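Keep the structure open beside the text.

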Amino acid sequence: MTAVPDPRPMACPGCAAAPADMPVAVAQPDDVLLSLPEIHCHNCIRDAEAALMARPDVASARVNLTLKRAYVTPVGDVPADALVTTLAEAGVLAHPLDPTALQSRATEAAGRALLMRLAVAGFAAMNVMLLSVAVWSGATDATRDMFHWISAAIALPAVAFCGQPFFAGAWRALSARRLSMDVPIALAILLALGTSLWETALSGHHAYFDAAITLCFFLLAGRYLEFRTRAAARSAAEELTALEVPRATRIVGGVPLDVPVAELSVGDVILVRVGGRIPVDGRVREGAAELDRSMLTGETIPVPAAVGSVVAAGETVVSGPLTIEATAVGRDTALHRLADLVAVAEAGRARYTPLADRAAALYAPGVHILAALAWAGWMLWTGDMRVALNIAAAVLIITCPCALGLAVPAVTTAASGALFRRGVLIKSATALERLAEVDTVLFDKTGTLTEGVPQVLNWEAVPKDARQVALALARGSVHPLSVAISAQGGDAAQVDGIREVPGYGTEGLWRGVRVRLGRSGWAGPEDAGDASLCTWVDMGVGQVSRIRFADNLRPGVRDTVEALRAAGLDVEMMSGDRAAAVAATAQAAGIDRAHAGCLPADKVARIEALQAQGRRVLMVGDGLNDTGALAAADVSLSPASALDAARVASDMVLLGTQFDALPEVLRCAGAARRRITENFRIATIYNVIAVPLAVAGLATPLIAALAMSASSITVSLNAMRGIWR
Amino acid sequence: MNVLAYLIPVSLMLGAVGLIGFLYTLRSRQYEDPDGDSRRILDESWDDRPKP
């Protein structure tokens, strides 16, 4: 779908009557878009807007809480990073988004267009139904004709406007020489209007204007529910691109210069500062640093990088600036290959046929054959074209998949709402159906089963003075281990001249002695003995202490795994981390099958192998390295702490920090699926009763309207009946 | 039955007023950020005077 830049895309009388120039949160072409993943209340909105508006170079800023985004209209050229820094100072976490990579405006326009059609159809249906009630209660002769003509005057333009999605859908299906649910819908609407006009012109008794427009209304309601449920699900590849660093610092002749990443080429020398994400694949030219690769590989421990080290786009520099010579840019980077992996995997998932489509494949041909038979039968019996066409129209209207069109979206919407209150966000329309079939659950380790944030293990065991020195040294650094130490709190020693040695640690002077906090070999003994996560405090007088860290399991993981097992599901774990760390986590979580050292492609391969065995796989993951697996799995879930790209690639997002809800979500999915089948059955029963009446020529417009409304309302009510027992 | 000549246009007009009202809220994008709008009402910053 292409973006519609025109602010008034619709041509209808209502649009001409309504102003469109309101100050609203919608992206203008030169707006800066920021993602604010952690905002959740009015205080966050106020703080973020106040902080942005306080800048002299910001003309206006508006936060959209639903999308968790800020739209900033700058005066002149404002780098997004400066805005991110401003927000960080105000305590709001922000990431720059590349507005050209997002197509949300097209989605917004489609949603508004659908809602507008629904409103027009509702208005028209109400008025036509009012006139029809007058006809059914006994209006005759000229009065009846007048009511029919007024109904026609309302229904014809309304259907021409509201029915467009169905006509377009039917045309697409017919051009591709297949039948979809839209074909019987479009045929029923057109035939009903045609025969009704004919009848009205001959001042006949029966007109189906009310049926045609009510049909539109109910079906549009189903479409809109479906759209709303899916609107949250944006394309994974889109968001991956938007997440990429839009700007980089290129060094030309020793002078740093801010340039868009798109302008970088192989051989350029790029400076990446602390906390920055590396924009290209490359080799380190100058500097030493530690890199957080957890989003790419799942490794918990930051990796040291020195001159000559190979680095990849998407890694974050946690200490010391780095100068990098680019070896691959743009589409050739490892990050982009991950995006490609997602695109390929998504194509695989598209093979899933939703229940509604399977029902349509059975239903559409049957309806057409039935209507054609009814027409042919009456044509032979009476030889009267008018009667035969009327009967055929009645059959089509009564069998029209009105209730079928509501059966799935109504259940999905009700179940999504129920799950949302339990902290689970369903993004894909068919996720619940697919979830109901799952028999294998695959977990990622870092950040999914574990919290992804190191915690100090042996704080009390470290000598008091070493603790105070460690605290003082740690406070000056953004390294994850330092942050973990700072989080312990307490009194810090008075340490002077603190400086960070990139790639090694932090050092300073305490009581005239040089003290260090850092990696083994620099602050502690050369060989630490084992590979567990730790750092050393060197008190400078031959006294060294070891501070151990662990990446803790999220609370409740063990119970969740047991509950999943009890529900008859297989549980496995896949991680890019080292075998020892993976085995320890697997044991703590009670998972007996674990795969370590998995590359992103390995994870996808594992899922495909399981699928080849006929398994239905639920993937739970949070990193960039999981996006391919998330997209390849039959259905996928990511925690809210996951990167946007992983959240976008998955069908469901868990808003809380615990997986307690997971077994319940699976139960709910099963219930929703049963409810959908039930709805199909209800719709069929209505048809079985009403169709013989229509074929026998006993179906008046009153009976058609009753059957249609009653079945639609029963189906909706059945969907809303509590999914939770 | 002559009263119909007034009542039908009147009822259609009233319906149309509702429709145009709805289209106005839609065109002015009041459904764009339902979460944000429901939170913004809790903000006390502009309780005493309108936002400039």
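Chain A holds 25 helices and 26 strands. Keep in mind that this is a predicted model. Of its 725 residues, 48% count as buried. Take the contacts in chain A between residues at least 6 apart in sequence: 68% of them join residues at least 24 apart. Chain B has two helices and zero strands. Buried residues make up 12% of its 52 residues.

Start with a sheet in chain A. Six strands form an open sheet, in the order E16-E21-E20-E19-E18-E17, and the pairing is antiparallel. Which strands stand at the edges? They are E16 (450–456) and E17 (496–501) of chain A. Each has a single partner strand, so one side of each is left without a neighbour in the sheet. From one strand to the next, the twist averages 15 degrees. Look inside this sheet at E20 (residues 534–538) and E21 (residues 544–553) of chain A. These two strands pair in the antiparallel sense over five bridges.

Now turn to strand E24 (residues 617–620) of chain A. Is this strand covered on one face or on both? Both faces are covered. A:Val617 and A:Met619 lie on one side, A:Leu618 and A:Val620 on the other, and all four are buried. Strand E15 (residues 440–444) of chain A runs parallel to E24(A), joined by four bridges. Here A:Thr440 stands opposite A:Val617. Strand E25 (residues 635–639) of chain A is joined to E24(A) by three bridges, and this pair is parallel too. A:Val620 stands opposite A:Leu637 in E25(A).

Next come the helices. Two packed helices are described by the angle between their axes and the distance between the axes. Take H2 (residues 42–53) and H3 (residues 80–89) of chain A. They pack at an angle of about 130 degrees, with their axes 9 Å apart. That angle makes H2(A) oblique to H3(A). The contact is made by A:Ala48, A:Ala51 and A:Leu52 of H2(A) and by A:Leu83, A:Thr86 and A:Leu87 of H3(A). The crossing is right-handed.

A second pair joins H7 (residues 182–201) and H13 (residues 385–399) of chain A. Their packing angle is about 140 degrees, and their axes are 9 Å apart. H7(A) passes H13(A) in a left-handed crossing. Residues in the contact include A:Leu187, A:Ala188, A:Leu191 and A:Ala192 of H7(A). From H13(A) they include A:Leu389, A:Ala393, A:Leu396 and A:Ile397.

Follow A:Ile397 into the core. The largest nonpolar core has 140 residues, and A:Ala212, A:Ile213, A:Leu215 and A:Ile397 touch the most other members. Which helix supplies the largest share of this core? Helix H24 (residues 661–695) of chain A does, with 13 residues. Leaving out residues up to four places away in sequence, A:Ile397 touches A:Ala188, A:Ala192, A:Tyr208, A:Ala211, A:Leu215 and A:Ala704. Of these, A:Ala188 and A:Ala192 are also among the H7(A) residues in the helix contact. A second, separate core has 24 residues, including A:Val462, A:Leu471, A:Ala474 and A:Ala484.

Definitions and conventions: Residues numbered from 1 in each chain as written. Chains lettered and ligands numbered in written order. Predicted model: local features only at pLDDT ≥ 70, side-chain atom pairs only at ≥ 80, totals over all residues. Pairing = 2+ DSSP bridges. Axes fitted to C-alpha atoms, helices over the stretch in contact; angles between N-to-C directions. Core = buried A, V, L, I, M, F, W, Y, C linked by C-beta atoms within 7 Å. Buried ≥ 20, exposed ≤ 12 C-beta atoms within 10 Å, placed from the backbone. Contact = placed C-beta atoms within 7 Å. Parallel < 35°, antiparallel > 145°, perpendicular 65-115°, else oblique. Left-handed = near helix turned anticlockwise from the far one by under 90°.
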